[in-house]
Amino acid sequence: IIRGRGFEVLELGPDLPIESLVRALGRIDDLRAVCLSVVATDHLPACAEAVAAIKRTYPGVVVIVGGRAFTSEEQARALGADGYSLEAVGAADLLVELVS
């Protein structure tokens, strides 16, 4: 869905260490956004750490979070994210709004 909106997508998979995520993002030309999906609520602290590392290393990059672990926009913003969506269509819409 996100590719269909004209974005290049790099899928890194689950349980990627934060250092590896940050390093992989550094290899992307014209990085504009990162989407993180979290299924289990016990992984939310790690998501907050990942968002902080991305924001610290790549200022200006939009970070969108989603997945079953999130219940609200407020919760996502409290973790430092720029936006939140429960599903891919909403995330794609948000990317177009925040990045384009």
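**Ground rules.** I am working from a predicted model, where local features need pLDDT of at least 70 and side-chain atom pairs count only at pLDDT 80 or more, while totals for chains, interfaces and linings use all residues. Residues are numbered from 1 along each chain as its sequence is written, and side-chain values use heavy atoms, with hydrogens and water left out.

**Confidence.** I looked up pLDDT, the predictor's confidence in each residue from 0 to 100. The protein averages 93, and 100% of the residues score at least 70. I took the elements from DSSP runs, numbered from the N terminus: helices are H or I of at least four residues, strands are E of at least two.

**Cores.** Which residues have the most contacts inside the largest nonpolar core? I found Leu 25, Val 34, Leu 36, Cys 47, Ile 54, Val 65 and Phe 70, in a core of 24 residues. At least two residues of this core come from each of α1, β1 (33–37), α2 (44–57) and β2 (62–66). Helix α2 gives the largest share, six residues. Another core lies apart from it, with eight residues, including Ile 2, Ile 64, Leu 94 and Val 99. My criterion for a core was a set of buried Ala, Val, Leu, Ile, Met, Phe, Trp, Tyr and Cys residues joined through side-chain atoms within 4.5 Å. Buried means under 20% relative accessible area, exposed over 50%, and partly exposed in between (1.4 Å probe, protein chains only).

I then checked Cys 47 for contacts (heavy atoms within 4.5 Å). Not counting residues up to four places away in sequence, Cys 47 touches Leu 36, Val 38, Val 65 and Phe 70.

**Salt bridges.** I wanted side-chain nitrogens of Lys or Arg within 4 Å of a carboxyl oxygen of Asp or Glu.

- Arg 5 and Asp 93 meet at 2.5 Å, N to O. This pair links distant parts of the chain, 88 residues apart: Arg 5 sits in the segment before α1, Asp 93 in helix α4. Arg 5 is partly exposed at 37%, and so is Asp 93 at 39%.
- Lys 55 and Asp 82 have their closest N and O atoms 2.4 Å apart. Lys 55 is in helix α2 and Asp 82 in the loop between α3 (73–78) and β3 (83–85), so the bridge ties together parts 27 residues apart in sequence.
- Arg 77 pairs with Glu 73 at 3.0 Å between the closest N and O atoms. Both are in helix α3, four residues apart, which means about one helical turn between them.

**Surface patch.** Leu 10, Leu 12 and Leu 16 form a nonpolar surface patch, together about 230 Å² of accessible area. Leu 16 belongs to the segment before α1 (18–25) and is partly exposed at 33%. Patch residues have over 30% relative accessible area and no salt bridge; like charges are joined within 9 Å, nonpolar side chains (Val, Leu, Ile, Met, Phe, Trp, Tyr) within 5 Å. The areas are Shrake-Rupley values with a 1.4 Å probe, and for residues only the protein chains shown count as cover.

**Backbone.** Most residues other than glycine have a negative phi. Asp 15, not a glycine, has a positive phi of about 60°. Asp 15 is in the segment before α1 and is exposed at 71%. Asp 30 also has a positive phi, near 60°. Asp 30 lies in the loop between α1 and β1 and is exposed at 62%.
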